[in-house]
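Biologist: I am new to this structure and would like to learn how its features are read. Please take me through them one at a time.

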Amino acid sequence: MSPEIQTVAALVVVALAAGWLVRRAFAPRKNPGCGGECGCPTGKLKR
Amino acid sequence: MALPAHISSGVSAAPSRTPVYALVGNPNCGKSTLFNALTGLKQKVGNYPGVTVEKKIGTAYSQHGQPITVIDLPGAYSLAARSPDEAVTRDVLLGRRADTPQPDRILCIVDATNLERNLYLVHQILDLGRPVILVLNMMDVAAAAGLDVRAGRLERELGIPVIPCEAVNGKGLIELKLAMSRADLPLSRHAWDIPAPIAPAVAELQASLTANDRKPPLIARAEALLLLTDQDSVRVAGSTPLSARTTEILQGWQKRWEGEGTDWAGTLVNSRYDVIGRIAAEAVTRAGHTGPTASDKIDAVATHPIWGWMILGAVMTLLFLSIFTLAEYPMGFIEDGIASLSDWVKKDSGLPDGDLRDLITDGAIAGVGGVIVFLPQILILFFFIGLLESTGYMARAAFIMDRLMSRVGLNGKSFIPLLSSYACAIPGIMATRTIEDQKDRLVTILVAPLMSCSARLPVYLLMIAALVPGDRVPVATKVGVMILMYALGTFGAFGFAWLFKRTLLKGAPPVMIMELPPYRLPGLKDVALHMLERAWIFLRRAGTVILGISIVLWFLAAYPKAPEGATPQQQLAQSFAGRAGHALEPAIAPLGFDWQIGIGLISSFAAREVFVSTMGVVFNAESKDDDTTPLRQALLATKWPDGRPLFTPLVCFTLMIFYVFAMQCVSTVAIVRRETNSWRWPLFQIAYQTGTAWILSFIVYQAGRALGF
Amino acid sequence: MKLSELAIGATAVVREFPKAGAAFLRLREMGLVAGTRVTLIRTAPLGDPLEIKVRGYHLTLRKSEAEHVLVDPAA
């Protein structure tokens, strides 16, 4: 593999990784429901 | 009791014919042992979405080979839930969780040595009107304690199948599986007279819950009883708020009872225990004397005012000795393995020199490898925690430490998570799940990373070496500085816990209501299984999030490219990371750090010990691979542009202080994000820890300079 | 007398139990109700919390809770 192709491939991998991380961090959770007040931060805690 | 019409009309399960059993029981009654014995390795371990409660579903096979789904619900003392774990148990049983199949049948496991308290939960579960099988576990222990527990009598009293069992050695499993595959499980005939003053309220609430909240009739009755047991109706309702009409009825009754001075919740609990007391008296006979048990004798020593401390100290010393010595060998293997993998990619994979190859070796392999090195320590830690839990010693450690922990507003249950964090904050933060109170748990999570983890060790060691140059460094100096760093982190953690409990996460004074289960021989199989589950979670993180971050960090150090023929040092200097280091310099110059140290601080985010290898690249870059100029000498030779030495003893010391307090670990950030289900807390943690690190480093450096160091 | 004032090794019967509070509800559900026999087994090395025996098992609670539980010494 020539260095140029490697550079392109590496940059694509970096872009994919960065995109995936960002998506993962901000994507809404699949089931946002909570099992009750004690399981998730309550309104009071969030403040 | 009426036929459970809701079973067919309620939240219908998938059209699968595999029966779904929920396995329910008190903590410490042998539930996970039974679950492992029933399902073997056919388990799926995950998380209930939105809460950090482990979700375990397994498949058991009947004597005829028919599959049976078993959901292992978290241990609970009551359906009036007080912890996230108990809330999940309640919600699955009440059919509130859409993400979990609603159980058709319930398998209640009770500890035969402790029947009365165990039957309380069973009694609540019988209200659900679903077929229940009662598993009487630990029959051997009961017999040894002189208890004669007659399953036949219990079966007659409760009207459900009762299977005596010894889950640890597999006795009673066949009978249990036969019962589980019965097509015609009877419903309990046990009739419970709700106390007269409360009965009309239950009826009215049940009617309203059926009509206004669209609950199936029997579920509605169970929920009505829960609403009257726990004064906090919001907590009972959980994610399914009550309709206005039901709330109105509930408040009406509460107001009336308050006026009359009726203790409705107490009456309900008492009348359940009255019934249970009668049943237990029928089913259990105590043979003769009840002298101190083996467990009592152990406790007389293990919680002794003097011996208790010594044993606790010995257990902890053993724990740390094994983490730091036993783990050394497998850590060496892993390091060698990573190095040879990297070598193979470089020399023998056929991939020529280029960016992709660098990304694989310097980014992916180095980054993930740097974190996986800690796997042996984490395995040992989880093994020990599992061992302490399954023998029952964990509860004693919490019992002994509670008074000290209460000084900073926490309770004894925070002790083990904080202690674990000396090895690594990740297992420590995962171990906070045993803390019931959400605020106490958050405080513990927030301060856990201040305990000096083993990833800081390489940094401390390098800095100590640079701090006291010369080959004959007095051991006492080294050890003294090291202990100072650990002490700083520990006091910092307790100080901040105290502060947070008083300000940010002010709560009711914590309580310490905890069972002290009898000592038992550890179930090694269960401990090993638990350890492997946790290790798998860690590895999955390393393979996903940490891999991604390592790749991005590689990019930041490799781009933009320096002109052809540049040394690695020049490349790093003008990369994004180098520029970030330069940009950071004004902020860290007051601490005595230059931009090159700044690069190290940034790269520490992958894992703190990466600082050492980054410094290797930054300062040792001119030397070839086989040149073994010690990094220490390279550090000592480094000068500011104006000729002052960079790594003065004061700067080394300040840098160590910075590492004690700063939040620099992406893996920890990710785990806190997961465990608190929000970005708020990890971000706050980064801010307060790094802020403290900066302020303290500033004070130390400036004061040191003023004093002429 | 208060449960927290019980001598180590002494047995008593619960007379009165606080009505409100999540901690007391949990203690109740753990089997500590009026009429239950409790034995104070020991205190932790630093004097708090207490370890009691109730319905055949061992339970810890802090003095701050125990002093709200009224008991009668058992014969």
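**Reading the interface of chains B and C**

Modeller: Strand 10 (residues 514-515) of chain B pairs with strand 4 of chain C in the antiparallel sense, over two bridges. Strands pair if DSSP finds at least two bridges between them. This is a predicted model, in which local features need pLDDT of at least 70, side-chain atom pairs count only at pLDDT 80 or more, and totals for chains, interfaces and linings use all residues. Residues are numbered from 1 along each chain as its sequence is written, while chains are lettered from A and ligands numbered from 1 in the order in which they are written.

Biologist: Which residue is the bridge partner of Met514(B) in strand 4 of chain C?

Modeller: The partner is Thr60(C). Strands are DSSP runs (E, at least two residues), as are helices (H or I, at least four), numbered from the N terminus.

Biologist: How many residues of chain C are in contact with chain B?

Modeller: Contact requires C-beta atoms, placed from the backbone, within 7 Å. Here 32 residues of chain C are in contact with 33 residues of chain B. Helix 1 (22-29), strand 4 (57-61) and helix 2 (63-66) of chain C each supply at least two residues of the side that touches chain B. The largest share, seven residues, comes from helix 1 of chain C.

Biologist: What is the pLDDT of chain A on average?

Modeller: pLDDT is the predictor's confidence in each residue, from 0 to 100. Chain A averages 63, and 49% of its residues score at least 70. Over residues 29-47 of chain A the pLDDT is below 50. The secondary structure of chain A comes to two helices and zero strands.

Terms used:
Contact = placed C-beta atoms within 7 Å.
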